[in-house]
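Hello,

Here is the structure you asked about. Please open it first, then read the notes below.

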Amino acid sequence: MRFGKGMYHKYRAKKTIVDGQEFPSKLEGATFSDLKLLVSAGVYSNVRKQVPVTLMVPLTVKLDFVVFDNELQEDVYVEAKGVSTERWSIFKRQWKKSGPGRLRIYGGSYMKPKMAEEIIPKGEK
């Protein structure tokens with residue numbers, strides 16, 4: 001969050017531009033680049049950004065990406081997470097109970113993002 005000269009985002013995220021699109025963090029931009037490579041390889045298709053998901057009122061989160069997994073033949077939700085907050089922990093627990101599909105959480109450095117966790121909700125294969 002920028003408030004003026006010398007101020008920074010509370011989690012020290014730095015905005016970045018990848019392929020002409022602005023992202024709020026370098027990790028999210030790097031994750032987008034990785035997803036685009038997987039689209040080129042035919043693993044995924046149809047990358048969508050900032051998709052709102054409501055699991056329970058008032059818990060709505062804009063997930064970074066949704067991709068269509070060509071092997072699973074279903075949407076897969078993707079989140080680049082540098083800092084885990086209490087709200088995010090609550091969201092993950094709720095996702096395990098009633099999420100609309102698989103959630104893949106990318107972490108690590110923006111120089112080498114990697115899938116750190118996959119949550120498959122109850123009732124999913």
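One definition to start: buried means under 20% relative accessible area, exposed means over 50%, and partly exposed is in between (1.4 Å probe, protein chains only). This is a predicted model, where local features need pLDDT of at least 70, side-chain atom pairs count only at pLDDT 80 or more, and totals for chains, interfaces and linings use all residues. Residues are numbered from 1 along each chain as its sequence is written, and side-chain values use heavy atoms, with hydrogens and water left out.

**Asp-69**

Asp-69 lies in strand β4. Helices (H or I, at least four residues) and strands (E, at least two) are DSSP runs, numbered from the N terminus. Is Asp-69 buried or exposed? Asp-69 is buried, because its relative accessible area is 5%, and buried means under 20%. A polar atom of its side chain lies 2.9 Å from the backbone nitrogen of Leu-72. For polar contacts the rule is a pair of N or O atoms within 3.5 Å; within protein, one must be able to donate a hydrogen and the other to accept it, and residues adjacent in sequence count only if both atoms are side-chain atoms. Leaving aside neighbours within four places in sequence, Asp-69 is in contact with Val-43, Tyr-44, Glu-74, Val-76 and Arg-104. Contact means heavy atoms within 4.5 Å.

**Overall layout**

The protein has two helices and seven strands. Along the sequence they follow the pattern β-β-α-β-β-β-α-β-β. Of the 125 residues, 34% are buried. Take the contacts with a separation of 6 or more: residues 24 or more positions apart account for 45% of them. The protein exposes about 8000 Å², and carbon and sulfur atoms supply 53% of that. Accessible areas come from the Shrake-Rupley method with a 1.4 Å probe; for residues, only the protein chains shown count as cover.

**Nonpolar cores**

In soluble globular proteins, nonpolar side chains tend to be buried together. A nonpolar core here is a set of buried Ala, Val, Leu, Ile, Met, Phe, Trp, Tyr and Cys residues joined through side-chain atoms within 4.5 Å. The largest core has 14 residues. Val-53, Leu-63, Tyr-77, Trp-88, Phe-91, Trp-95 and Leu-103 touch the most other members. Elements that give two or more residues to this core are β3 (44-56), β4, α2 (86-98) and β6 (102-109). The largest share, four residues, comes from β4. Apart from this core lies another, of 10 residues, among them Val-18, Phe-32, Phe-65 and Val-67.

Back in the largest core, look at Phe-91. Not counting residues up to four places away in sequence, Phe-91 touches Val-53, Leu-55, Leu-59, Val-61 and Leu-63.

**Aromatic rings**

How many aromatic pairs does a search of the whole structure find? Six. Rings of Phe, Tyr and Trp (its six-membered ring) pair if their centres lie within 6.5 Å; planes under 30 degrees apart count as stacked, over 60 as edge-to-face and the rest as tilted. Phe-23 and Phe-65 have ring centres 6.2 Å apart and planes at 50°, so this pair is tilted. It links distant parts of the chain: Phe-23 is in strand β2, Phe-65 is in strand β4 (residues 59-69), and they are 42 residues apart. Both Phe-23 and Phe-65 are buried.

Phe-32 and Phe-65 form a stacked pair, 5.8 Å centre to centre with 25° between the planes. Phe-32 is in helix α1, 33 residues from Phe-65. Relative accessibility is 5% for Phe-32 and 0% for Phe-65. Ring pairs also link Tyr-77, Trp-88, Phe-91 and Trp-95 into a cluster.

Two lysines sit over rings. The charged end of Lys-49 is 4.4 Å from the ring centre of Phe-23. That of Lys-81 is 4.6 Å from the ring centre of Trp-88. A charge counts as over a ring if NZ of Lys or CZ of Arg is within 6 Å of the ring centre and within 35 degrees of the ring normal.

Ser-25 is in the loop between β2 (21-23) and α1 (26-40). Ser-25 counts as buried, at 16% relative accessibility. A polar atom of its side chain lies 3.0 Å from the backbone nitrogen of Glu-28.

Glu-117 lies in strand β7 (residues 112-119). Glu-117 is partly exposed, at 28%. Its side chain joins that of Lys-92 in a polar contact of 2.9 Å.

Best wishes
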